[in-house]
Amino acid sequence: MDLKFGLYQQQTLKLSMTQELKQAIELLQYSTQELTSFLEAKATENPLIQLENTNIKYIDIRNDGSKKK
């Protein structure tokens with residue numbers, strides 16, 4: 001009987017869907033208005049979250065100011 005003993009290594013890569021990853025994917029799909037309302041809702045739930053109102057300009061990329069005829 002020929003028995004051989006040895007030490008072998010195997011390297012694998014796994015991506016697990018964590019709660020943080022799910023939330024990040026969900027937040028990336030929000031529009032600006034949806035994200036704003038989500039953050040406002042979270043700020044009312046959690047007193048440690050403070051939102052600062054800054055002047056944000058919304059740019060409509062569909063209308064760049066030049067009119068083609």
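1. A residue is called buried when its relative accessible area is under 20%, exposed when over 50%, and partly exposed in between (1.4 Å probe, protein chains only). Leucine 39, with a relative accessible area of 37%, is therefore partly exposed.

2. A word on the source: this is a predicted model, where local features need pLDDT of at least 70 and side-chain atom pairs count only at pLDDT 80 or more, while totals for chains, interfaces and linings use all residues. Residues are numbered from 1 along each chain as its sequence is written, and side-chain values use heavy atoms, with hydrogens and water left out.

3. Now the overall picture. Of its 69 residues, 3% count as buried.

4. Helix H2 covers residues 32-45 and holds both lysine 42 and glutamate 45, three residues apart, about one turn of the helix. Their side chains meet in a salt bridge at 3.6 Å, N to O; the term asks for a side-chain nitrogen of Lys or Arg within 4 Å of a carboxyl oxygen of Asp or Glu. By this rule the count is one salt bridge.

5. How accessible are the two partners? Lysine 42 is partly exposed, at 32% relative accessible area, whereas glutamate 45 is exposed, at 57%.

6. Back to leucine 39, which also sits in helix H2. Please compare these points with the structure above as you read.

Definitions and conventions. Helices (H or I, at least four residues) and strands (E, at least two) are DSSP runs, numbered from the N terminus.
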